[in-house]
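Hi everyone, thanks for coming.

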Amino acid sequence: MPLRAKVTNPAFAGHARMSSTVPEIPKELPDDDPDDVLFNSLYGVRSIELNRPSKLNSLNASMARKIVPRLLEWEKSQLANIIIMHGAGTKAFCAGGDVAALAQQNKEGPEGQQKSTDYFALEYQLDHLIATYSKPYVAVMDGITMGGGVGLSIHAPFRIATERTVFAMPETTIGFFPDVGGSFFLPRLDGEIGTYLALTSERLLGVQTLYAGIATHYLHSSVLGNLTARLAELVFRDYASLPERLDLVDKTIAEFSTGLPSQEQEPILFRGPFRDAIDRCFKYNTVEEIIKALENETEMEEWAQKTLKTLSMRSPTSLKVTLRQLRLGKKWGIADTFRREHQIAAKFMRHPDFVEGVSARLLTKPPAQPKWQPDRLDAVTNEDVDAFFSIPDGQEKLPLFNNNNYTQYPHAHYALPSEAEIEKFVRDNSKSRAETVNEFVKKWGHKEGVREKVAEVLARRTVKTNEGLRWIEKE
């Protein structure tokens, strides 16, 4: 039977009190729903089920207060080998944070805004714990995976997409910014894909999340139950290192793949001229320059006009803060990311656009276009944007459960090869396209999707010469 969440470990609590840099272990409150997260054990597997299907498993503080102690306990347990997080029902893994509740709190004034800021502190502490977890962690992104649900999955070494996966970072539609580590993962996607997804809130469906680098594996939803049972059977050697354990989990997940949709059925979305246009238009460091590039776009004019219309509906403040966040985030470590995002989130809780955006888009039936303040890009000054990134003197950093602060994901190789990796290989070698594709397929252990991804990049970014492939330089 699923276990309820109440776990208190005095050892953890004592450690938290002894160090000012480690947060207190959250405790359940009397009005927390005892069943909004369910925990199961099956041999070496520990599963976390987000159990609010009527709310699309949206994450709230009650859920986070249960998950954090469990993860900390399992990290110390010799019996817990693999952590799996999934959502109840078939519609959603986790559709985001419960922003409607936060918006209602914010209407209470400074006290309510502080409660909302405290929620983000807990959420980001949980996300950083997942990003730096010392045991194999598998996120099953079956169904809607947006906002807060992305924070629970994107930083994991294994992120399983299915035919039902719907990914998006929709924060600019509600007067917020792509948080939960968006500053870290979005700029590290290929080219300007992350910038495009962040500013437009565009959705990716199913296998497209694998090609874009969001997911590491693509499975049919029908095999998920059998996968959990198989992972529970895995036995690690006592002296096996974390990379060895991760490699075994990776190979085991791959066993359950039933193939990807063919390129004729479902070709890579970000390919050819479309991908070139994204990089061409979204490479700039100001939203105004991006707008101008879209206005001047001729090769993908229909897409550019649609994108301009989309951006015109977003919060001007959110757009400018988001673009600054992404450019700065390229250099932030994973701990820096959550600490800086906590400061930005606190500023947004005091900004009128968040309450307005949530109320108009999520609470009003039918949804309405929010009335942003200000409602024009040129009315959002550099000083306005600077204020979201300024750190008041004496303000303490968000405490985290460990000090891990890497600048590149240590487990990135479980996803498809990045465009940067393909570029480096081309520049360092004199191989044909077929030879290059085969080299990557072999190096990635014949992982599904590698052949298609590498072939697309080579077709778009290389030309044949007598000496082999030459990488096309962009203007």
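Let's start with Arg460: at 10% relative accessibility it counts as buried, where buried means under 20% relative accessible area, exposed over 50% and partly exposed in between, with a 1.4 Å probe and protein chains only. Before I go on, this is a predicted model, where local features need pLDDT of at least 70, side-chain atom pairs count only at pLDDT 80 or more, and totals for chains, interfaces and linings use all residues. Residues are numbered from 1 along each chain as its sequence is written, and side-chain values use heavy atoms, leaving out hydrogens and water.

So which residue does Arg460 form a salt bridge with? That's Glu419, with the closest N and O atoms 2.9 Å apart; a salt bridge here is a side-chain nitrogen of Lys or Arg within 4 Å of a carboxyl oxygen of Asp or Glu. Arg460 sits in helix α20 and Glu419 in helix α18 (residues 419-428), so the pair ties together parts 41 residues apart in sequence. Helices are DSSP runs of H or I, at least four residues, numbered from the N terminus. Glu419 counts as buried too, at 7% relative accessibility. Salt bridges with shared partners join Arg460 and Glu419 into one network with Arg275, Asp279, Glu456, Arg461 and Lys474.

Last one: Asp190 and Lys453 meet in a salt bridge at 3.0 Å, N to O, and both are buried.

Conventions. Helix = DSSP H or I, 4+ residues; strand = E, 2+ residues; numbered from the N terminus.
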